[in-house]
Amino acid sequence: MKHLLKLLDWTSEDIMTVLNLADQLKYEQKHGISKKYLDGKSLGMIFEKASTRTRVSFEVGMFQLGGTALFLSSDKTQIGRGEPIQDTARVLSRYLDGIMIRTFEQKEVEDLAENGSIPIINGLTDLCHPCQVLADLMTIREYKGKLDGMKMCFIGDGNNMMNSLIVGALKTGMSISVACPEGYEPDQLVLDFAKEYGDKFEMLRSPKDAAKDADVVITDVWASMGQEQEAKKRAEAFTGYQINADVMNAAKSDAMVLHCLPAHREEEITAEVFEDHADEIFEEAENRLHAQKAVMVYLMGSTPIND
């Protein structure tokens with residue numbers, strides 16, 4: 001049984017299969033072609049972190065695929081009252097066909113997979129954000145026509161987005177440069193993985209150096225959910241780590257910009273750069289729907305694709 005716990009677990013072939021499927025599902029949706037790949041299937045959605053895009057895209061996606069999505073808030077279930085995760089996994093496995101969880105600790109996602117008997121999808125943890133990065137890769141390929149040989153640049157915190165982008169970029173043939181302040185580097189697990197790819201990965205301190213000749217420049221908020229009390233400290237640490245006109249001048253003239261949203265204009269990105277690339281950013285947001293539908297069909301479906 002396959003899960004999506006982190007992109008480190010997936011092969012390049014897994015990623016490309018899901019991206020191709022996402023393209024197919026997006027085409028079918030845009031052309032009114034309705035195929036109920038998950039007819040009769042049910043997805044439990046556990047939220048220990050608040051969400052807009054994750055909840056709406058999974059819920060709508062399951063509806064479009066013919067299935068049902070159930071919202072499970074931690075403060076209204078036994079999960080939030082201390083029930084062991086192994087018991088939750090075994091019980092929900094008897095009711096559902098898959099679980100999506102958006103939480104803090106990666107271990108909670110891993111424990112669900114270890115103790116349950118249905119596919120588990122990581123909707124976001126402090127370590128990684130695989131569904132978002134699949135949507136990012138889908139968007140880059142839509143605009144650039146390919147991934148192999150492209151250069152990605154990420155500027156900002158070594159957070160779940162940077163971790164997953166490094167893995168996703170390298171596994172699909174891209175090179176990636178990241179710029180982050182000292183003390184805000186990506187997870188060591190990801191850095192060890194990136195060593196296998198030699199000079200296709202570089203970690204720098206200068207945003208302009210990282211953005212040099214980049215095909216796509218990406219950022220995220222400086223203070224992620226759960227880090228609000230550190231916001232002032234982080235704002236000071238990340239001064240100079242903004243995507244602005246100077247940074248974009250170092251990238252290729254046709255470079256695209258992505259942001260997983262929500263965006264804090266004039267912090268991690270200027271309003272000018274954001275609006276110049278708004279079409280790309282909101283296409284990226286839409287592609288969460290299509291990429292996650294592809295993940296669900298890949299993990300939970302039984303209907304042959306391209307039938």
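Methionine 174 touches Leu137, Ile140, Leu147, Met150, Lys151, Met152, Ala169, Lys200 and Val216, leaving aside residues up to four places away in sequence. Touching, or contact, means heavy atoms within 4.5 Å.

A word on the source. This is a predicted model, where local features need pLDDT of at least 70 and side-chain atom pairs count only at pLDDT 80 or more, while totals for chains, interfaces and linings use all residues. Residues are numbered from 1 along each chain as its sequence is written, and side-chain values use heavy atoms, with hydrogens and water left out.

Back to Met174. Which residues have the most contacts inside the largest nonpolar core? They are Trp10, Leu134, Met152, Ile166, Met174, Ile176 and Met296, and that core has 59 residues. A nonpolar core here is a set of buried Ala, Val, Leu, Ile, Met, Phe, Trp, Tyr and Cys residues joined through side-chain atoms within 4.5 Å. Buried means under 20% relative accessible area, with a 1.4 Å probe and protein chains only. A second, separate core has 23 residues, including Ala211, Val217, Trp222 and Ala263.

Now the whole chain. Of its 307 residues, 57% count as buried. Among contacts with a separation of 6 or more, 76% come from residues 24 or more positions apart.

Next, overall dimensions. The radius of gyration, taken over C-alpha atoms, is compared with a globule rule of 2.2 Å times the number of residues to the power 0.38. A compact globule of 307 residues would have a value near 19 Å, and the chain has 19 Å, so the two agree. Along its principal axes, the C-alpha trace spans about 55 × 45 × 35 Å.

Technical notes. Buried < 20%, exposed > 50% of the residue type's maximum accessible area, 1.4 Å probe, protein only.
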